[in-house]
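Here is a friendly briefing for anyone meeting this model for the first time. Please have a look at the chain before reading on.

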Amino acid sequence: MFRSAWITHPDAVYSDNRIYWFRKTFTLSKTPGKAPVNLSAEARYKLFINGRRAAFGPCRPSGEEKYYDSFDAAPYLKEGENELFCEVLQLADNGDMTKPCNVYGVRRTGNLLLAVEMDCGEGVIRTDDSWETAPSPTASFAPHTGFAGAAVFEEDAKGGACAKPAEWVGAKIAARVDSPREQPYPWGIVNPMFVIPRRIPMLYQKDVPFAESGDGFFIAEELTFGFPRFTFKGKGHARVTYAESFGSGGEKRDRLDRSLSFGGVYDEIDADGTFVYEPFWPRCARIIRIETEGNLSLASFAFTEIGYPLTVPEGCDFGSETDNRLWKISVATLMRCMQESYEDCPYYEQLQYAMDTSLQMLFNYQLTDDDALARKAIRDFRLSQRADGLLSSRYPTVEAQYIPSFSFYYIFMVSEHYKRFGDLALVRENLRAIDGVLEWFEGTLDESGLLRRTMYWDFVDWATAWGRSAGEPVTGEEPCKAIVSAMYVWILRRAAELADVCGRTSAGAEYRARADRTEAAVESLCWDEEKGLYADEIRHDYFSQHMQVWCVLSGIAGKHEGRSRRIMENALPLGTRCTFAYAYFWFRALEEVGLYGETAEMMNRLRGLLDLNCTTIPETPDAPRSDCHAWGAIAIYEFAAVVLGVRTVSAAEKKLRIAPRPDVGRDHAEGTVYTGCGPVRVRWTVENGLFTLTVRSSPDAEKEIVLPDGRTEVTREAEVTVKAKL
């Protein structure tokens with residue numbers, strides 16, 4: 001139960017952008033064994049207990065749900081006097097045009113509110129008017145104008161004698177906390193102050209070292225995200241700059257080449273005396289530069305990394321040192337992009353986009369059976385649905401953005417979750433939203449059966465050939481969207497399968513009929529027999545790898561014998577090429593037609609990042625804006641599902657398929673892959689032309705083992721070893 005009060009500063013001005021402090025001191029006769037805490041704030045908080053950072057949040061809410069966080073404070077408490085100290089960020093109301101704020105991923109109501117409840121064993125401490133509060137005298141802030149929806153940056157932080165003393169006053173009770181799980185809505189009226197428990201674990205915190213590198217530079221072993229903490233002494237000014245690398249843009253650059261330019265977001269600090277500075281918002285960096293003026297010097301520097309507590313399997317070996325390193329940086333990329341939601345990148349937007357998220361979930365599933373963040377993401381996107389059925393392309397966010405085809409990835413998320421976990425209840429609770437999405441697209445079909453352009457951003461991929469069109473396929477004046485139409489066929493067939501498993505066979509039949517109609521339009525209007533390709537538009541002036549991918553994955557090309565392989569062969573030299581963002585779909589289409597070996601070109605580009613001192617995967621193959629974008633962490637999936645060969649066929653039926661590929665330039669591999677039937681440990685070797693495979697898994701799982709010589713064995717044994725001659 002969460003029974004406390006929301007408190008505020010008595011002079012807080014509605015819709016301000018400010019940071020406030022709250023504090024409460026109390027005495028304990030002994031250190032408690034447990035001290036459960038519930039807390040929430042608007043818009044964000046950072047809680048320190050006896051000077052140690054204990055929690056930060058609250059969990060990023062949607063527009064319909066607001067969360068409170070819970071954790072055990074006992075490790076931070078002590079016998080005698082204790083202090084709770086909380087920084088709370090107030091953000092201007094999203095509709096207040098007089099105080100713009102581009103922090104899109106945070107709920108912004110214009111209120112300053114804090115609610116805390118802690119049972120320390122000698123009574124319960126709750127927020128009330130015995131708490132003290134003050135505007136922060138050390139830091140004002142501004143949303144960074146160069147960022148789209150990212151973060152808050154302190155402006156000219158002041159410490160020591162440069163800062164005015166805090167003006168503490170008694171807190172004011174604003175309202176009480178209620179929970180819809182505790183009492184019904186009186187008269188059916190929804191209380192906007194209701195909060196519910198967060199749906200994911202609290203983020204981890206761990207110390208990450210930065211090595212001093214001369215000229216004020218500090219460099220970490222790999223890109224990280226979290227809270228830096230600096231202690232300055234003396235009198236003067238400091239600038240702290242955070243960057244992912246030296247240089248900017250272009251793939252072919254050594255990230256640690258100090259002959260390149262250096263720049264990034266920065267904090268300005270004035271101090272007189274001793275000043276411990278920690279920015280309110282976490283920072284993303286691999287390189288930090290600290291420049292001081294006057295008599296100010298850096299006395300100490302520490303960095304606390306934060307992220308979703310993802311557990312990564314140990315003992316993985318993919319047969320080459322290069323691929324083991326690629327696996328490592330791919331996992332690091334995924335983990336940097338998992339916070340309170342999946343994020344596109346930690347340095348810029350820090351927003352959960354549907355396309356990125358659908359891929360991050362797949363990579364997540366290879367490493368663990370923890371689907372809490374995935375379930376929250378699916379729920380988030382469902383809650384973003386408009387009355388007409390379209391979903392936000394990114395969510396949670398206070399600035400609506402619509403990329404229509406991104407709604408397909410939401411359905412893809414539900415489909416893949418069911419395959420991996422067999423959770424029929426999750427499918428059922430998303431059927432209404434799936435229906436809404438498909439109805440919206442049905443309304444954008446033209447008389448030919450293809451989807452029309454809309455008023456929104458029709459992004460597909462950051463293909464170099466589409467660079468000037470912001471990721472939209474180049475189709476001239478053509479009003480139809482052939483690529484998205486092929487995607488529509490793909491997702492209609494996925495949705496039909498979901499309807500079927502829920503017993504809605506009539507809906508499934510309807511979706512297949514719609515797919516057949518649009519498939520016929522793509523076939524009649526886009527197939528180019530002379531080129532042996534499907535065109536991106538009906539005049540046949542533009543052709544892309546992307547169009548061929550969706551014509552394979554949707555089954556459009558498969559209706560004609562030999563055509564699927566033919567179009568993928570013809571797609572290989574095309575100039576409009578899939579980027580890292582499309583690697584998963586490109587690889588699946590190549591695999592389906594027996595051309596998986598052609599994935600080597602892109603995999604080698606990923607391997608080449610190691611020579612450039614990359615510790616995460618950049619957003620695009622060329623001229624990346626961001627050095628950490630988890631849609632490119634494709635090696636996680638390929639090494640688990642193809643090299644080790646482990647895939648979930650159906651969690652509901654407890655069926656697995658294990659089909660390792662010893663023909664990808666390695667003579668051994670081993671590792672653990674998580675499936676819908678528990679973890680599966682695989683080890684295989686090739687010696688003197690003999691392939692030996694050992695599989696350990698749950699005996700509940702039916703395993704179809706496909707050997708390189710074409711033989712297939714089906715077994716439920718917990719451990720099995722099979723051999724084949726190559």
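The notes below go from the whole chain to single residues.

This is a predicted model, in which local features need pLDDT of at least 70 and side-chain atom pairs count only at pLDDT 80 or more, while totals for chains, interfaces and linings use all residues. Residues are numbered from 1 along each chain as its sequence is written, and side-chain values use heavy atoms, with hydrogens and water left out.

**Overall build**

- The protein chain has 12 helices and 32 strands; these are DSSP runs numbered from the N terminus, with helices being H or I of at least four residues and strands being E of at least two.
- The radius of gyration of the protein chain is 27 Å, which agrees with the value near 27 Å for a compact globule of 726 residues. This radius is taken over C-alpha atoms, and the globule rule is 2.2 Å times the number of residues to the power 0.38.
- Along the principal axes, the C-alpha atoms fill a box of roughly 80 × 65 × 55 Å.
- Of the contacts with a separation of 6 or more, 73% are between residues 24 or more positions apart, where contact means heavy atoms within 4.5 Å.

**Surface and charge**

- Of the 726 residues, 60% are buried; buried means under 20% relative accessible area, exposed over 50%, and partly exposed in between, with a 1.4 Å probe and protein chains only.
- The protein chain exposes about 27,500 Å², with carbon and sulfur atoms supplying 48% of it. Accessible areas come from the Shrake-Rupley method with a 1.4 Å probe, and for residues only the protein chains shown count as cover.
- There are 84 positive and 105 negative side chains, and the centres of the two sets lie 2 Å apart. Lys and Arg count as positive and Asp and Glu as negative, leaving out His and the chain ends; each charge is placed at NZ of Lys, CZ of Arg, CG of Asp or CD of Glu.

**Salt bridges**

- A salt bridge is a side-chain nitrogen of Lys or Arg within 4 Å of a carboxyl oxygen of Asp or Glu, and by this rule the count comes to 60 salt bridges.
- Arg 607 pairs with Asp 323 in a salt bridge, with the closest N and O atoms 2.6 Å apart. Asp 323 is buried, at 2% relative accessibility.
- Asp 423 and Arg 375 form another salt bridge, at 2.7 Å between the closest N and O atoms. Asp 423 sits in the loop between α4 (406-421) and α5 (424-442), and Arg 375 in helix α3 (residues 372-383), 48 residues apart. Arg 375 is partly exposed, at 33% relative accessibility.
- Glu 670 and Arg 683 meet in a salt bridge at 3.0 Å, N to O. Glu 670 lies in strand β27 (residues 668-675) and Arg 683 in strand β28 (residues 678-687), so the pair ties together parts 13 residues apart in sequence.

**Backbone details**

- The peptide bond from Gly 57 to Pro 58 is cis, with omega near 0°, and Pro 58 lies in the loop between β5 (52-57) and β6 (67-72).
- The peptide bond from Tyr 395 to Pro 396 is also cis, with omega near 5°.
- Gln 350 is not a glycine, yet has a positive phi of about 60°.
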